[in-house]
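Here are my notes for you to read alongside the model. Keep the structure open while you go through them.

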Amino acid sequence: MHFIKVLVSSAILTASGAAFAAEEVSVERGRLVSIIGSCHDCHTDGYREAEGALDPTKALRGKAIGWRGPWGTTYANNLRWSVQDLSEDGYVTYIKTLRTLPPMPWYNVRVMPESDIRSFYRYVKSLGDPGAFLPRTAGPGEEPRTPFVTLEPPQMPKPCSRDLDCGVGEVCSAAPVRQCVKK
Ligand code: HEC
């Protein structure tokens, strides 16, 4: 099953790659980069739910559902704003040096070829009116004002064989599942 999936996805990539010359810069190529790069999965409201049907009024306008973890709560930004503020050359430098909080995969966009970044910029610009800003990032320990997804794994109880294996104020619970629990 996994083998078939890999075959299918590489066939799609080859097919789409063949449609463009390596250095071509175009809005259509930028649209493709945004889809293959998974940008809409986080930055476009309702995209996952619509199983990839792109609503042009919502495309890359960000999502007000937060991502909460040890870094605080972040929001997948409205990407239409930074293309308003920056020139195309400025945007290339911006993406090549981007570093953000999680879960934005900034290390992936940094390796995008320049022609892809330029195409992405033109695509985002073609989407038009940026619309509203999103909720601001909440710091660690600050309560977010929106619904959020928690990315912190739950702390599982520590396995033990005797009380001494556990921390202060904890005891090792009885068999069959011996784990540290509060006294
Ligand atoms: C897993 C979710 C996720 C994916 C996938 C994702 N982003 Fe992000 N992105 C975020 C989050 C969350 C932030 C905000 C990070 C912060 O506040 O530091 C962000 C921030 C950004 C920023 C900086 C803010 C701004 O408005 O300029 C850029 C640029 C960006 N993303 C571009 C992209 C591009 C391009 C793609 C696709 C190639 C992409 N992102 C895919 C979640 C994601």
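**Notes on the model**

1. Start at Glu24: its side chain makes a polar contact with the side chain of Ser26 at 3.3 Å. (A polar contact is a pair of N or O atoms within 3.5 Å; within protein, one must be able to donate a hydrogen and the other to accept it, and residues adjacent in sequence count only if both atoms are side-chain atoms.)

2. A quick word on what you're looking at: this is a predicted model, where local features need pLDDT of at least 70 and side-chain atom pairs count only at pLDDT 80 or more, while totals for chains, interfaces and linings use all residues. Residues are numbered from 1 along each chain as its sequence is written, and side-chain values use heavy atoms, with hydrogens and water left out.

3. Glu24 sits in the loop between helix H1 (2–18) and H2. Its C-alpha atom is 9.5 Å from that of Arg118, 94 residues apart along the chain.

4. Now find H2 (residues 27–36) and H7 (residues 114–126): their axes come within 7 Å and cross at roughly 100°. So H2 is roughly perpendicular to H7 (65 to 115 degrees; axes are lines fitted to C-alpha atoms, for helices over the stretch in contact, and angles run from 0 to 180 degrees between N-to-C directions). Contact residues (heavy atoms within 4.5 Å) include Val27 and Arg31 of H2 and Phe120 and Tyr123 of H7.

5. Zooming out, the chain has seven helices and five strands (DSSP runs numbered from the N terminus: helices are H or I, at least four residues, and strands are E, at least two). Of its 183 residues, 32% count as buried.

Technical notes. Parallel < 35°, antiparallel > 145°, perpendicular 65-115°, else oblique. Buried < 20%, exposed > 50% of the residue type's maximum accessible area, 1.4 Å probe, protein only.
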